[in-house]
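Okay, thanks for having me, everyone. Let me put the model up on the screen and then walk you through it.

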Amino acid sequence: MAEFMNVGKVVNTHGIRGELRIMPLTDFPEVRFAKNAELYLFTADNHPVLVHVESARLHKNMYIVRLKEYGNINEVEKFKGGIAKVSKENLAELEENEYYFHQIVGCSVITEEGEDLGTISEILTPGANDVWVVKTPAGKEILLPVIDDVVLDVDVNQKLVKVHLMEGLL
């Protein structure tokens, strides 16, 4: 079965012509909601429905999306509260040294001396830079800022991150 990545939450319908108000959950909304873009809409029963974007426009931090397959409000009501996703094969290419969250969570973290720190359990996005939460073997959490001075090397294929521990991080 295909794996999917979230790109938006269907907040509500919009108007009577079958448009949906979608809150973007992606760094690439202009790609995900572009004309002819392929989306999978997941409803409460978790059953994916393949749809294609007819048109989309940004309105108050939401995308108003019209789908080729649906033309009125009654047909799209069932998608309210659902999630818009894309298949993992359809992910956008990233720049060098950029990663998707799913590639980072689960990576082992070692110091530049080779000491095992633990595994990345989640990613926080507080503002200026992301923060990786590393769960140590003892169950403690270490917060690592994702900056060049700390993150030395990321190997998503080996699921391994090498870091420099600046003073005060532990």
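First, some housekeeping. This is a predicted model, so to speak of a local feature we need pLDDT of at least 70, and side-chain atom pairs count only at pLDDT 80 or more, while totals for chains, interfaces and linings use all residues. Residues are numbered from 1 along each chain as its sequence is written, and side-chain values use heavy atoms, with hydrogens and water left out.

The assignment gives us domain 1, residues 4-90, and domain 2, residues 101-163; the bounds come from an automatic or database domain assignment. Taken over C-alpha atoms, their centres are 33 Å apart.

Now the cores. By nonpolar core I mean a set of buried Ala, Val, Leu, Ile, Met, Phe, Trp, Tyr and Cys residues joined through side-chain atoms within 4.5 Å. On burial, buried is under 20% relative accessible area, exposed is over 50%, and partly exposed is in between, using a 1.4 Å probe and protein chains only. The largest core has 19 residues, and those with the most contacts inside it are Leu20, Leu39, Leu41, Val65, Leu67 and Phe79. Which elements give two or more residues to this core? They are strands S1 (4-14), S2, S3 (38-42), S4 (48-59), S5 (62-67) and S6 (83-87). When I say strand or helix, those are DSSP runs numbered from the N terminus: helices are H or I with at least four residues, strands are E with at least two.

Let's stop at phenylalanine 79. Leaving aside neighbours within four places in sequence, Phe79 is in contact with Val10, Leu20, Leu41, Thr43, Val49 and Tyr70; contact here means heavy atoms within 4.5 Å. There is also a second, separate core of 15 residues, and that one includes Ile104, Val109, Ile120 and Val163.

On to the pocket. Rolling a probe the size of a water molecule over the atoms shows where empty space is left. For this one, we work on a 1 Å grid over the protein atoms alone: a pocket is an open set of points where a 1.4 Å probe fits, with protein on both sides within 12 Å along at least five of seven lines, and lining residues have an atom within 4 Å of a point. The largest pocket comes out at about 810 Å³, where points are joined across faces, edges and corners and the volume is the space filled by probe spheres set on them.

What lies nearest the centre of that pocket? Of the 28 lining residues, it's Asp27, Tyr99, Tyr100, Phe101 and Asp130. S1, helix H3 (101-104) and strand S11 (151-155) are the elements that give two or more residues to the lining, and S11 gives the most, with four. Both domains take part: the lining draws at least three residues from each of domain 1 and domain 2. By class, we have 17 nonpolar, five polar and six charged residues. Nonpolar there is Ala, Val, Leu, Ile, Met, Phe, Trp, Tyr, Cys and Pro, charged is Asp, Glu, Lys and Arg, and the others, Gly among them, are polar.

Okay, single residues. Threonine 111 sits in strand S7, residues 108-111. Is Thr111 buried or exposed? Buried, with a relative accessible area of 2%. Not counting residues up to four places away in sequence, Thr111 touches Leu117, Lys162, Val163 and Leu165.

Methionine 23, in strand S2 (19-24), is partly exposed at 33%. Among the residues Met23 touches, beyond four places in sequence, are Val7, Val11 and Met62. Met23 and valine 11 are 12 residues apart in sequence and 6.6 Å apart in space, C-alpha to C-alpha.

Then glycine 71, in the loop between S5 and helix H2 (73-76). Gly71 is partly exposed at 38%, and its C-alpha is 7.9 Å from that of glutamate 19, 52 residues away along the chain.

Last, two lysines for anyone who likes backbone angles. Lysine 60, in the loop between S4 and S5, has a positive phi of about 55° although it is not a glycine, and Lys60 is exposed at 68%. Lysine 159, in the loop between S11 and strand S12 (160-163), also has a positive phi, near 55°, but Lys159 counts as partly exposed, at 30%.
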